[in-house]
Amino acid sequence: MVRDTRIPVQGRSQIMAVNPFVPDIADLSHVQLKELLGVSRVVKLSMNENPLGPSPKAIAAMEKALRSLNCYSDCEGHELKEKICARLGVTGEQVILSNGADEMIFLAAHAFVEPGDEVMIPFPTFGSYFWASALAGARILQVPLKDFCIDTRSILSALTEKTRLIFLCNPNNPTGTIVQRRELEYFLEHVSEKIVVVLDEAYVDYVMSQDYVSGVKFINSYPNLLVIRTFSKIHSLASARVGYGVGTPEMISVINHCRLPFNVNYIGLAGAAASIDDTEHLHRSRMLNYEGKKYLEQQLKRLGCSVVPSDTNFLFVDTGVDSRLLMEQLMKKGIVIRPGDGYKMPTYMRISVGLPEDCHFLIESLEEILPLLR
Ligand SMILES: *Cc1c(COP(=O)(O)O)cnc(C)c1O
């Protein structure tokens with residue numbers, strides 16, 4: 001039978017109303033960038049990756065895991081879950097593993113948002129919250145940051161009867177700022193228990209500020225709280241795709257309704273379980289970041305940029321020039337940054353802290369390029 005190929009396939013209206021993810025140059029992989037830029041070494045400072053790479057113990061565990069890929073893994077990831085529980089002081093029913101934090105964000109929106117519900121999202125913040133909420137059919141309310149920080153008071157005063165979920169990124173990507181302990185306590189105390197609060201702590205292990213507190217501390221007091229974490233950032237396992245959520249057993253059991261059985265792959269499970277034990281590697285990563293960030297801050301200020309104080313492994317920087325043009329110039333040298341136009345702050349750039357030689361190369365290059373663009 002000959003079919004009429006002109007008849008278009010019709011997607012569900014809810015998903016067709018949302019644009020698919022289209023990678024920016026800043027989202028490309030090292031391999032893609034190497035090919036595109038024709039350079040021998042790419043200095044990628046656009047994805048907040050840990051430049052030290054995974055723990056050698058994680059690599060060994062993942063190599064070993066390769067030999068068992070013919071078999072299905074433990075679909076609940078008990079070994080990793082137990083290690084997470086021991087570290088956080090929670091029980092197994094309070095943790096759910098996911099295919100990166102990204103999947104956890106999607107599962108949260110999927111589990112709680114009915115079409116037409118309101119979701120509150122600060123702006124600028126991590127893009128997946130918008131995407132996940134839009135796909136769930138949410139009406140999205142954006143609440144602007146105040147002095148580069150998530151404005152919890154503004155969010156509280158913007159809540160309505162229709163609000164179902166709030167995304168908070170703490171520390172916030174792309175600004176690197178935290179919600180202070182007392183602010184978070186006040187916020188949780190004043191949000192109705194009918195509204196789910198998703199607290200994304202992707203960068204928790206980089207935080208140095210004494211005014212920070214993890215939402216894990218409040219899990220047992222607030223049944224509407226879900227804390228999200230990932231092995232992609234300080235654990236340096238971005239491509240292994242492992243994240244998790246922490247909440248009350250009831251919260252986790254609701255989300256489990258929409259989790260696929262083998263959502264986390266065996267290589268990722270093995271790598272994450274080994275990485276969580278390698279506290280020495282984590283410490284080294286944290287210290288390297290601390291020193292690199294200090295250096296970058298000093299040097300960027302010397303070059304006339306203003307830098308938002310950061311509790312993460314990246315800096316949000318006002319360059320005073322169009323950062324997309326700046327990125328184009330830097331790319332000729334193999335350096336990739338995150339331009340601020342996507343955050344509607346076109347003179348800002350977000351840069352991750354690289355290895356010391358990467359930081360030096362970036363500063364050297366900016367010293368040459370910035371005056372030409374000013
Ligand atoms: C990188 C990042 C994530 C995504 O992490 P994956 O585990 O790789 O999906 C989630 N939230 C924030 C704020 C991030 O910066």
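A residue is called buried when its relative accessible area is under 20%, counting protein chains only as cover. With that cut-off in mind, and remembering that this is a predicted model, look at helix α6, which spans residues 128–135 and in which Ser-128, Tyr-129, Phe-130, Ala-132 and Ser-133 are buried. What lies over these buried residues of α6 includes the helix α5 (100–112), together with the strands β3 (118–123), β4 (139–144), β5 (163–169) and β6 (196–200). If you follow the chain onward from α6, you come to Gly-137, whose phi angle is positive, near 85°.

In total, 14 residues surround the ligand, and the closest are Ala-101, Asp-200, Tyr-203, Thr-230 and Lys-233. Sorted by class, this shell holds six nonpolar, four polar and four charged residues.

Which atoms of the ligand lie at 2.6 Å or 2.5 Å from polar side-chain atoms of the protein? A nitrogen atom of the ligand is 2.6 Å from a polar side-chain atom of Asp-200, whereas an oxygen atom of the ligand lies 2.5 Å from an N or O atom in the side chain of Thr-230. For Ser-232, an N or O atom of the side chain is found 2.6 Å from an oxygen atom of the ligand. Taken alone, the ligand would expose 390 Å², and the protein buries 93% of that area.

Methods: Residues are numbered from 1 along each chain as its sequence is written. This is a predicted model: local features need pLDDT of at least 70, side-chain atom pairs count only at pLDDT 80 or more; totals for chains, interfaces and linings use all residues. Side-chain values use heavy atoms; hydrogens and water are left out. Buried means under 20% relative accessible area, exposed over 50%, partly exposed in between (1.4 Å probe, protein chains only). Helices (H or I, at least four residues) and strands (E, at least two) are DSSP runs, numbered from the N terminus. Contact means heavy atoms within 4.5 Å. A residue is near a molecule or strand if one of its heavy atoms lies within 4 Å of it. A polar contact is a pair of N or O atoms within 3.5 Å; within protein, one must be able to donate a hydrogen and the other to accept it, and residues adjacent in sequence count only if both atoms are side-chain atoms. Accessible areas come from the Shrake-Rupley method with a 1.4 Å probe; for residues, only the protein chains shown count as cover. Ala, Val, Leu, Ile, Met, Phe, Trp, Tyr, Cys and Pro count as nonpolar, Asp, Glu, Lys and Arg as charged, and the others, Gly among them, as polar.
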